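Hi,

Here is the model I said I'd pass on.

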Amino acid sequence: MAIKKDYEIGSGNVFSDLGYARPEEALAKAELAYKISQIIERRRLTQAQAAEILDVDQPKVSALRRGKLSGFSLDRLVRFLVLLGSDVQIVVKEHRTNRRRARLLVA
């Protein structure tokens, strides 16, 4: 007797599983926003203090911390990391042919 599964194994990218138009970009933005939030927490910055450092208003920091990322480009999120004192490396590698598509990763 076969056991029926009532779940589906994900792809590793929740945005792809949910049908987002550009899932790799959405995942990268979410991961960058998470890193920014970690830095803000670790430094015990208020949203107002973080906003001053990032040269944005406090509601933008609030949106970022809550994962509301539609108003933020990858470039802007990377700039925020630099403004918070982080080094950011961008590494470009040839696409491995054993995968279906190239991907965007945040480490």
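Below is what I found, going from the whole chain down to single residues.

A word on the ground rules. This is a predicted model, so I kept local features to pLDDT of at least 70 and side-chain atom pairs to pLDDT 80 or more, while totals for chains, interfaces and linings use all residues. Numbering runs from 1 along each chain as its sequence is written, and side-chain values use heavy atoms, with hydrogens and water left out.

**The whole chain**

The chain has 5 helices and 0 strands, giving the pattern α-α-α-α-α along the sequence. Helices here are DSSP runs (H or I, at least four residues; strands would be E, at least two), numbered from the N terminus. The radius of gyration is 17 Å, whereas a compact globule of 107 residues would come out near 13 Å; that is taken over C-alpha atoms, with the globule rule being 2.2 Å times the number of residues to the power 0.38. Along the principal axes, the C-alpha atoms fill a box of roughly 60 × 35 × 25 Å.

Of the 107 residues, 26% count as buried (under 20% relative accessible area; exposed is over 50% and partly exposed is in between, with a 1.4 Å probe and protein chains only). Taking contacts between residues at least 6 apart in sequence, 53% join residues at least 24 apart, where contact means heavy atoms within 4.5 Å.

**The core**

Which residues touch the most other members of the largest nonpolar core? They are Ile36, Leu64 and Phe80, out of 19 residues in that core. Helix 2, helix 3, helix 4 and helix 5 each give two or more residues to this core, and helix 2 has the largest share, with 5 residues. A core here is a set of buried Ala, Val, Leu, Ile, Met, Phe, Trp, Tyr and Cys residues joined through side-chain atoms within 4.5 Å. In soluble globular proteins, nonpolar side chains tend to be buried together.

In helix 3 (residues 47-54), the buried residues are Ala50, Ala51 and Leu54. They cover an arc of only 105° around the axis, so they sit on the same side of helix 3 (the arc is that of the directions from the helix axis to the C-beta atoms). Their cover includes helix 2 (23-42), helix 4 (58-65) and helix 5 (74-83).

Helix 4 has Val61, Ser62, Ala63 and Leu64 buried, and what covers them includes helix 2, helix 3 and helix 5. Just after helix 4, Gly67 takes a positive phi of about 80°.

Most residues other than glycine have a negative phi. Arg44, in the loop between helix 2 and helix 3, has a positive phi near 55° and is exposed at 75% relative accessibility. Asp55, in the loop between helix 3 and helix 4, has a positive phi near 60° and is exposed at 68%.

Asn13 is in the segment before helix 1 (14-17). Is Asn13 buried or exposed? Buried, at 9% relative accessibility. Its side chain reaches the backbone nitrogen of Phe15 at 2.8 Å, a polar contact (a pair of N or O atoms within 3.5 Å; within protein, one must be able to donate a hydrogen and the other to accept it, and residues adjacent in sequence count only if both atoms are side-chain atoms). Beyond its neighbours within four places in sequence, Asn13 is in contact with Pro23, Glu24 and Leu27. Of these, Glu24 belongs to helix 2 and is partly exposed at 23%.

The whole structure has 2 aromatic pairs. Phe15 and Tyr20 are edge-to-face, 5.0 Å centre to centre with 75° between the planes; Phe15 is buried at 16%, whereas Tyr20 is partly exposed at 45%. Phe72 and Phe80 are also edge-to-face, with centres 6.0 Å apart and planes at 70°, and both are buried. For pairing, rings of Phe, Tyr and Trp (its six-membered ring) need centres within 6.5 Å; planes under 30 degrees apart are stacked, over 60 edge-to-face, and the rest tilted.

Cheers
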